[in-house]
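Notebook open. Today I'm looking up which charged side chains pair with each other.

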Amino acid sequence: MKIRISRIEDALHASQLRVYQSLARFSVLEIGRRWGKTTFGQQVAMDRAIEGKSVAWFAPTYRFLSESLREFERALHPIIRSVDRAEKRMELKTRGVVDFWSCDDEDAGRGRSYDLVVIDEAGFVPKLLSSWQAAIYPTLTDRRGSAIFLGTPKGCGDFHRLYLQAEGDTS
């Protein structure tokens, strides 16, 4: 599925649209392969940035990050005001901003303020819970921002624990 600058309802498949319509402030999407989690997250993030919001895209490593950065740049090209490749920051003509962070650094995003954070491939993020609590979550407090965690079921690590918490199972 291609990312499009269009109404989000027109860009998502039926299952993604149902999930989009039921997003909570903090959503943990532990979904099987080939559903289009990354594409879904990219579309939601771009939609918010187009609305003039401040967005952060997190990925486990720079390898994961670089592909998404290219996709954002390709899709948003007509409305990009500037791209800072060193800072991994994209500013839009709509006043929206997208920052790209690698979770190789547990302090990624520290000191920033966002309306939306998307953590792609969250099951592969080392020390996800400590990064979330110490650095990422605080970036959402000023703006009462939201977060989407995207990943596939993968063992019983931090991502799966977040999923169980979101489902109300605290065991």
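Before I start: a helix here is a DSSP run of H or I at least four residues long, numbered from the N terminus. I also keep in mind that this is a predicted model.

**Entry 1, the count.** I asked how many salt bridges there are. The count comes to 11. The general idea is that side chains of opposite charge can pair when their charged atoms come close.

I looked up Glu71 and found a salt bridge with Arg74, where the closest N and O atoms are 2.6 Å apart. Both residues sit in helix α4, residues 62-76. They are three residues apart, which is about one turn of the helix.

Next I checked Glu91, which forms a salt bridge with Arg81; their closest N and O atoms are 3.8 Å apart. Glu91 belongs to strand β4 (residues 89-92) and Arg81 to strand β3 (residues 80-84), so this pair ties together parts 10 residues apart in sequence. I put Glu91 down as partly exposed because its relative accessible area is 25%.

Then I found Glu87 in a salt bridge with Arg112, with the closest N and O atoms 4.0 Å apart. Glu87 is in the loop between β3 and β4, while Arg112 is in the loop between β5 and β6. They are 25 residues apart, so I wrote "links distant parts of the chain". Glu87 is partly exposed at 49%, and Arg112 is partly exposed at 31%.

Which residues are linked in a network of salt bridges? I listed Arg81, Glu87, Arg89, Glu91, Asp99 and Arg112.

Definitions and conventions. Residues numbered from 1 in each chain as written. Predicted model: local features only at pLDDT ≥ 70, side-chain atom pairs only at ≥ 80, totals over all residues. Heavy atoms only, no water. Salt bridge = Lys/Arg side-chain N within 4 Å of Asp/Glu carboxyl O. Helix = DSSP H or I, 4+ residues; strand = E, 2+ residues; numbered from the N terminus. Buried < 20%, exposed > 50% of the residue type's maximum accessible area, 1.4 Å probe, protein only.
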